[in-house]
Amino acid sequence: MKFFTSITTVVSLLLLKDIKVYGKPTPDTNLDYSFELDDKVDLSTENALAQNQTYNSLNTSFNDVMKRDELSNGNFQSINDISYVESLSEVQNPYRGFYSQVVVYLRRNGKSEKHFIPKTNLIRVLVDISDYQKHSIDEQALTFLDKYLEQIKSNHKTIVIRFAYDPGFKGDVSKDPSSDNVRNHQKQVSRVLKKYDDIIASVECGLFGKWGEMHGSSVYSDNEKPKYLNKVINNWLEFLPESLTISVRTPKIYSDWANIDLSKISSQITKPNEKAYRVGIYNDGYLASKSDLGTYKNREQEVKWLKNQAKHTLFGGEFGGIYEGNDMGNVSPTADYMDKEAFLTHTSYLNNGHYNVTISNLKNKKYNGADKRYKGISGYNYIENHLGYRYVVRGVRLTKSAKSNGIFRMEVDIENVGYGNLVKPKSLSLLVIDNNNNRYDLSEIQSIENGNPNNWNSKEKTTIKVKAILPNGMKNGNYKVYLRIASGTKSKGLNGFPIRFANDDKNIWNESLGANYLGKFSINGTSNNNNDESEPTISNYVTIKFKGTLDPTLNYYLGVKELKNYEYFDIHDENSNDSYKYRTWHLTSETKPSLLYLSDGTYGNPGNPSSHCLDLGNHHSANGYNFLSIVNCENAKHKFMYGGSSSDSIDVYDINGKHLTDNNNNKLCVYYSMTPRIDKCNNDSGKMKWKKSIL
């Protein structure tokens, strides 16, 4: 329980210039709401507007946006410019599908070798490092690997990669080195993998045993295996960027590492801030027996665990060999069986070669599952289409007639009909093309809902809602709008591994843009209203996190528990040591004051700008300094800049970029505490210092 000074005792302590302050949590008499002591209140839209009137002199930006918004309301319509039916054809998207397998040999003395680059969109790259059992990997070999991955990237292909000490991946013998040597090798190759993060779907843990499948070591006993493997897993998590997931061979290996009871694994649901959130399974005995050749100890319970864990880690592998004597139980390597289980395990990748009997059977047998659209199609084609994520647009609504420099709205219903989810971060961009093929980027995004493709779950429909300001200078006429989903907001065309929708419409995909056509609208005139405040742009903003630096205490990130407005807020739960999950921010400039846009990304992930911004609330500390609040961005009255007064301060400015000061002309900055507020920047308590992290 925290207590705050009431307004009646601090009238003489109101120090701030140009802003109103009120006791916390005593209600402001100028507002039409009330609440009880220590209640934490979210302002409704009505009350937010009432609060806004208190700052009428600073409200031009808000009024301009509201006026422009009125222009579009009557024109927001459902359209049918594309087919909303799923295609029966394979769509080659990154990080999923049937793969071909290649082996790369890293060897000393310049004798490294590589295979050709296959035609498949996804490649499993097996890297033989057995020649370095007792040596560090030399720079010549690392450069060889670098150039091979660069060649794959230039061909717009993606990979799953595994390293092992099994010479030639023949399964005869493994040359597993000491744990210290393995750690050194992992650190060395991670330097290369970081460079090609955008082409890597996942890293199969490997590095132990025959084929790198984490069993059957020629060096270490079964008793030594868990300790060895736990170190390998932890090393990958340490050296690889957080955007890369890793996978281990079996749920048993995972449970040994996570120190949980395998028989209770189905009850474990990991969180994004936990290391275990990044660890999944690769299954190289896929549907080859009732245990998938020892992959599962209890198939039902472990599949139940994968239903959650494989939403954010890549699950797949290879069909195992089916031999006489395999106990199959009710398991069958068919599309009909996968129709039931693959949606639970979120299977994203499988082999299209070796074990050719299984592949041939899939191609020769017709699908007869629940999806009527695929009746009579080969089982192979059904599986090929459903491996990983597969997005189908089911409806589009947009502003049919707008003005240049006016408001544009769009809603897109997207169904993920694939087995799995997208597990790699991607950004959304809106592009508009006129009849002369001139391109306009909708960079002034006021708000976007459900803009993180990682959350478009398998077998679910998601509605993206976008509100943007159209560029100035757009001529009257018809325009086409495209949605691009790619790595980074500055990539173009096929660079950035853009994602294609799987609609049965030959006009939906524009390869030169690397974007999906959604519909058309018209421009009729120009809005005369000017937006005084720059909104964040999808293509041009800085993504950042701020963390307190109060040694030797446990420090937390500046953030909130939920994506909503707050009159004041805490940055962590009193009952745990975790920062709250919404702790990433977007700003339009690092060198001048900017609004701070709260991201919809969770647990430090970049995400996209939301419609919520950091501001100063109406409640204050005993010294008269306001607590921070979260408001709708169109109502925000203050800007922030890192490093204004000192190298590690977060300085506070008014909407016009003037530094806030108190009555003693002390500049004001953000004060680090559980309930953050502002204070004079030269406060010597140590609580004015923040560490920033650029994402």
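I began with the side chain of Lys157: one of its polar atoms lies 3.2 Å from the backbone oxygen of Thr120. I took a polar contact as N or O atoms within 3.5 Å; within protein, one must be able to donate a hydrogen and the other to accept it, and residues adjacent in sequence count only if both atoms are side-chain atoms. The model is predicted, so I kept to its limits: local features need pLDDT of at least 70, side-chain atom pairs need 80 or more, and totals for chains, interfaces and linings use all residues. Side-chain values use heavy atoms, without hydrogens or water, and residues are numbered from 1 along each chain as its sequence is written.

Where does Lys157 sit? I found it in the loop between helix H3 (139-154) and strand S5 (158-164). Helices (H or I, at least four residues) and strands (E, at least two) are DSSP runs, numbered from the N terminus. Lys157 counts as buried because its relative accessibility is 11%. My cut-offs are under 20% relative accessible area for buried, over 50% for exposed, and partly exposed in between (1.4 Å probe, protein chains only). Beyond four places in sequence, the contacts of Lys157 include Ile117, Pro118, Ile199 and Phe497; contact means heavy atoms within 4.5 Å. I also checked Tyr95, 62 residues away along the chain: its C-alpha lies 8.6 Å from that of Lys157.

Next, Asp327. It is in the loop between S9 and H8. Asp327 is partly exposed, at 43% relative accessible area. A polar atom of its side chain lies 3.4 Å from the backbone nitrogen of Gly329. Not counting residues up to four places away in sequence, Asp327 touches Ser289 and Lys290.

Then the rings. I counted 22 aromatic pairs. The rule takes rings of Phe, Tyr and Trp (its six-membered ring) with centres within 6.5 Å; planes under 30 degrees apart are stacked, over 60 edge-to-face, the rest tilted. Phe343 and Tyr419 are edge-to-face, with 4.9 Å between centres and 80 degrees between planes. Phe343 is in helix H8 (residues 335-345) and Tyr419 in the loop between strand S13 (407-416) and strand S14 (427-434), so this pair ties together parts 76 residues apart in sequence. Both Phe343 and Tyr419 are buried. Tyr374 and Tyr382 have centres 5.1 Å apart and planes at 85 degrees, so I logged that pair as edge-to-face. Tyr374 and Tyr382 are buried as well.

I looked for charges over rings (NZ of Lys or CZ of Arg within 6 Å of the ring centre and within 35 degrees of the ring normal). The charged end of Lys459 sits over Phe343, 4.8 Å from the ring centre.

Last, helix H9 (residues 356-364). Which of its residues are buried? They are Thr358, Ile359 and Leu362. Down the axis they fall within an arc of 95 degrees, so they line one face of H9. The arc is taken from the directions from the helix axis to the C-beta atoms. The face turned away carries exposed Asn356, Val357 and Asn364. Strand S9 (315-319), H8, strand S10 (347-351) and helix H10 (379-386) are among the elements covering the buried residues.
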